[in-house]
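Below is a briefing on a predicted model, arranged by topic. Please read it alongside the sequence and the coordinates.

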Amino acid sequence: MSDMQKQAGVIRHLWTALRLAVVFTVIAGLIYPLVITGLGQLLFPAQANGSLIVQNGQVVGSALIGQAFTSPRFFQGRPSATGYAANASSASNLGPTNPTLISDVAAALQGVLAANPGLSVARVPVDLVESSDSGVDPDISIQAALVQVPRVAAQNGLSQAIVLALVKSQERGRFLGLFGAPHVNVLELNLKLEALVGGGGGQG
Amino acid sequence: MTLVGIGGIVLFLVVVTLVVKPVGLYLYNVFDGGRTWLDPVLAPVERAIYKVGGVNPAKEMRWTEYLFALLAFNLVGFVLLYPVLRLQGVLPLNPQHLPAVGAHVAWNTAVSFVTNTNWQAYGGESTLSYLSQMWLTVQQFLSPITGLAMVLALIRGLTRKNATTLGNFWVDLTRAFLWIALPVAAVAALVLIALGTPQNLAPYTIVHTLQGAKQILPQGPVASMTSIMQFGDNGGGYFNTNAGYPFETPNAASLMFQLTLGFLVPVGLTYYFGKKAGDTRQGWTIFAAMMVMFMFGVFVTYWAEAAGNPIVSHLLQHAVPNMTGKETRFGVAGSSLFETGTTAVSWGSTAAANDSFTPIGSLILLFNMMSGEVIIGAWGVGLIGMLAFAILAVFLAGLMVGRTPEYLGKKIQAYEVKMATLAMIVPTFVILGFAAWAVSSRGGVSGIFNPGPQGLSEVLYAFSSGVGNNGSAMGGLNAASPFYTWTVGFAMLIGRFPMYIPALAIAGSMVKKQRVPPSIGTFPTNGWLFGLLLIGTVVIVGALVFFPALALGPLAEQFAMQAGHLFGGVPK
């Protein structure tokens, strides 16, 4: 090929690249997401809009996003590096030999022990003292819910048996029995708890 | 480790093995003139695209022309992406009124998404408008199909005889886009929505929590991005914490679906390769070598994460697994499997915080990337790397027995070995060189988050991820600082192009060669012996060079952790 032919080839390829990139951008960047948005809204509107939970006309949360629970009346979730900020998700990123990790765990442990009198250190589940990845982990392990039953029952004036049954009713197992870990969703558990307390004429 | 955890991992490995052949056959039908049931819909679209692009689909390209078309396409992709990030503040689909992305981060992000790395120096939900996310999604389609085109050219180079051309880049690209990326991404996006991932264009939702606080829930076109992000082995998630964020991965079902999506094309390509070579055992041998290394990694990681941090176990007075930076719904086994998977497949979506993994767990993640991302690897590029190792392996075997090495009946000569070695050496120099620069410069050190050996691991991780076009990170590192936006940015470019130019050069040289019939002296490249040799080459030639650095990082940290030693430093 002569130099002029080569030059023409270079320009031709750049021109083709530009035209194809524009076509692909229109398809993948506009048509594709908009069609998926339309289909999602049509077929699965609840999920497509964030699995929102509405109570008395007000959005109280998403079933998928954890909230900060500090009141002893409620079941409490995992420590969060962001204080459950859903719009700025982050993990603590603390490494295994970082002194801050260990002091954070120790502080969380003291908090759990103080909030749950009678709970021994050896029974504290690890997910109540180690922070999550997203900072908005909506779940805790079954064990983490169970150790809070005595406190939650006493605080809400309910019998432990009722609260225990509530936890049991909210348990979710593994996918196909093999994947993931059994857990309870803290927000949904607390909503059920509120309904129970409210319905029983409690403090609401 | 629990039996259930192990059982889940084994089931996943079985599923991955079962999809190899069907996916490989589908690829064969798409690229080698077979028929697929999508043809009636897509063939007219394909013809229209060629018309718009001025493409003559019958015209074959030599390796230099193929390479030039590929580079031109990626350059244009960069040019179309960067301005949108910089101008998002005045462009539509920005209900949160987010300002323009800064110049350093925008450059880094554009490079990152064009090179299939998806390293994220930003937090999606707090930085990007819906339009920017949708524009990144475009690159999540285009960068994997570019990688796929590269391997198609290499495979043609290895399997055609007495030829000069490697196919037509525009045709490979268009067919990969229409027949593979687009339909699977669309179906997968709907599955993800059904499993709980949002997909809307509404502003962020303000929520009054049960305790009376205010919480802002991000919204947006999450599912359409997540599906191609996972299927295309891109890894750049919608949210800062990526697949760990419950909107992106609401449950273990979604996690396993996304993990399977990411494996489909890379494992299917091994079968496609064998089919093109006229001997499917060639492909199975490569698949087996990849899977053996992957399995080893998964179980070591799972073991390390389940064994946990003895310092925490001491505090809690009972043995606990490492749950720092892990989500409850995935558990230890699911998180370990996902993280090992996304580092092995050069993919980089994370469902757990790698900075908080145990040192041995991090070591495996690092090894997966430092191997050159050949343990499965992303679309095309993983197989390219593995085929480069295969060429080195037959060369080494040839040296041992004193014969001219052959691969697929073609003689391997000095040129091919030089090119394969080049593809291997360049990333090594970049990872170790940039890491050395980082730990000896103020800009590099000030971006480190964790004290002690973990800090070095963060730096090694960043450059391994950049060069390997992986994109996952040890999140503590300040990736948005100018030092790391530029150094990791260049690492991504070097990892993509100077590594794959030699691959196409090999293709261009091999395509001209004759095929010599196998003789008694031919070293067979299909079978367990070659599989072992291949693994040996990856481990010894590819990864051993990193051993000193790994000894100072994760290994030192592991011993310190076992001894209960904490690293003072200045915790930030």
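## Gln230(B) and its surroundings

Not counting residues up to four places away in sequence, Gln230(B) touches Ala243(B), Gln258(B), Leu261(B), Gly262(B), Phe338(B), Trp347(B) and Ser349(B), where contact means heavy atoms within 4.5 Å. Gln230(B) belongs to helix 8 (residues 222–231) of chain B; helices (H or I, at least four residues) and strands (E, at least two) are DSSP runs, numbered from the N terminus. With a relative accessible area of 0%, Gln230(B) is buried; buried means under 20% relative accessible area, exposed over 50%, and partly exposed in between (1.4 Å probe, protein chains only). The side chains of Gln230(B) and Ser349(B) make a polar contact at 3.2 Å. A polar contact is a pair of N or O atoms within 3.5 Å; within protein, one must be able to donate a hydrogen and the other to accept it, and residues adjacent in sequence count only if both atoms are side-chain atoms.

**Basis of the values**

- This is a predicted model, in which local features need pLDDT of at least 70 and side-chain atom pairs count only at pLDDT 80 or more, while totals for chains, interfaces and linings use all residues.
- Residues are numbered from 1 along each chain as its sequence is written, chains are lettered from A and ligands numbered from 1 in the order in which they are written, and side-chain values use heavy atoms, with hydrogens and water left out.

**Interface of chain B and chain A**

- In this interface, 109 residues of chain B are in contact with 97 residues of chain A.
- The area buried between chain B and chain A is about 8500 Å², and carbon and sulfur atoms give 69% of it; buried area is the accessible area (1.4 Å probe) that two parts lose on being put together, summed over both.
- On the chain B side, Leu210(B), Gln211(B) and Thr328(B) lose the most area to chain A, together 9% of what that side buries.
- Between the two chains, 48 residue pairs are in polar contact (both at pLDDT 80 or more).
- Helix 7 (residues 169–194) of chain B gives the most to the side of chain B that touches chain A, with 11 residues.
- That side of chain B divides into 64 nonpolar, 38 polar and 7 charged residues; Ala, Val, Leu, Ile, Met, Phe, Trp, Tyr, Cys and Pro count as nonpolar, Asp, Glu, Lys and Arg as charged, and the others, Gly among them, as polar.

**Salt bridges**

- The structure holds 13 salt bridges over all chains; a salt bridge is a side-chain nitrogen of Lys or Arg within 4 Å of a carboxyl oxygen of Asp or Glu.
- Across the interface of chain B and chain A the rule finds 1 salt bridge; the side chains of Asp137(A) and Arg329(B) meet in a salt bridge at 4.0 Å, N to O.
- Arg329(B) also meets Glu327(B) in a salt bridge (2.6 Å, N to O).
- Arg329(B) is buried at a relative accessible area of 1%, and Glu327(B) is buried at 0%.
- A network of salt bridges links Arg78(A), Asp137(A), Glu327(B) and Arg329(B).
- Asp32(B) and Lys276(B) form a salt bridge, with the closest N and O atoms 2.7 Å apart.
- This pair links distant parts of the chain, 244 residues apart: Asp32(B) is in the loop between helix 1 (3–31) and helix 2 (39–53) of chain B, and Lys276(B) is in helix 9 of chain B.
- Asp32(B) is partly exposed at 25% relative accessibility, and Lys276(B) is partly exposed at 21%.
- In chain A, Glu171(A) forms a salt bridge with Lys168(A), the closest N and O atoms being 3.4 Å apart.

**Other buried helix residues of chain B**

- Ile155(B), in helix 6 (residues 130–159) of chain B, counts as buried at 0% relative accessibility.
- Leaving aside neighbours within four places in sequence, Ile155(B) is in contact with Tyr272(B), Phe273(B), Lys276(B) and Leu383(B).
- Thr109(B), in helix 4 (residues 103–114) of chain B, is buried with a relative accessible area of 2%.

**Positive phi**

- Most residues other than glycine have a negative phi.
- Asp233(B) is not a glycine, yet has a positive phi of about 55 degrees; Asp233(B) lies in the loop between helix 8 and helix 9 (252–276) of chain B and is buried, with a relative accessible area of 0%.
- Leu176(A), also not a glycine, has a positive phi of about 55 degrees and counts as exposed at 59% relative accessibility.
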